[in-house]
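Subject: Structure handover

Hello,

The structure you asked about is below. My notes on it follow.

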Amino acid sequence: MRHPMMIAAALCGALALSACTSPFQKNRTVFDGRSYKSKLDVSKDDPAAVMASVGATSETLAGAREAVRHRATTHCIKQYGSSDIVWDISPDAEEPNIVNGNLVVKGRCLGW
């Protein structure tokens with residue numbers, strides 16, 4: 001009889017821990033085994049225009065590119081139902097747009 005109780009206790013503990021840690025993961029995406037905190041700026045006058053940024057170094061550039069793309073794409077899907085973005089400053093640019101240690105991209109969501 002102890003065995004089922006131990007399993008139930010372990011499941012309750014895991015559930016409690018997952019609920020406690022989830023708020024700390026807001027605006028974070030994991031790529032290449034690293035967690036990236038992202039920021040999204042959207043104009044109130046033109047919500048289709050997006051600017052997204054994540055911290056990046058030369059060692060983390062590949063993951064940063066994917067994390068910043070993910071943040072912008074998620075916004076476009078939620079707001080416009082499409083993952084299509086026309087990039088003004090692309091995450092795939094040969095020379096990445098690094099500003100104060102952050103990879104910064106700009107684009108426009110293509111909607112319905």
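A disulfide here is a pair of cysteine sulfur atoms within 2.5 Å. Please keep in mind that this is a predicted model.

By that cut-off, a search of the whole structure gives one disulfide. Its partners are cysteine 76 and cysteine 109, with sulfur atoms 1.9 Å apart. The pair ties together distant parts of the chain: cysteine 76 sits in helix α2, cysteine 109 in strand β6, and 33 residues separate them. The link between cysteine 76 and cysteine 109 is left-handed, with -70° about the S-S bond.

Are the two cysteines buried or exposed? Buried means under 20% relative accessible area. Cysteine 76 has 0% relative accessibility, so cysteine 76 counts as buried. Cysteine 109 is at 5%, so cysteine 109 is buried too.

Now the core. The largest nonpolar core has 17 residues. Cys109 is among those with the most contacts inside it, along with Val54, Ala64, Val68 and Leu103. Three elements each supply at least two residues of this core: β3 (49-55), α2 (61-80) and β6 (102-109). Helix α2 gives the most, with seven residues. As a general point, nonpolar side chains in soluble globular proteins tend to be buried together.

What does valine 68 contact, leaving aside its neighbours within four places in sequence? The list is Ala52, Ser53, Val54, Pro91, Leu103 and Val105. Of these, Val54 and Leu103 are also named among the core residues with the most contacts.

Best regards

How values were computed: Residues are numbered from 1 along each chain as its sequence is written. This is a predicted model: local features need pLDDT of at least 70, side-chain atom pairs count only at pLDDT 80 or more; totals for chains, interfaces and linings use all residues. Side-chain values use heavy atoms; hydrogens and water are left out. A nonpolar core is a set of buried Ala, Val, Leu, Ile, Met, Phe, Trp, Tyr and Cys residues joined through side-chain atoms within 4.5 Å. Buried means under 20% relative accessible area, exposed over 50%, partly exposed in between (1.4 Å probe, protein chains only). Helices (H or I, at least four residues) and strands (E, at least two) are DSSP runs, numbered from the N terminus. Contact means heavy atoms within 4.5 Å.
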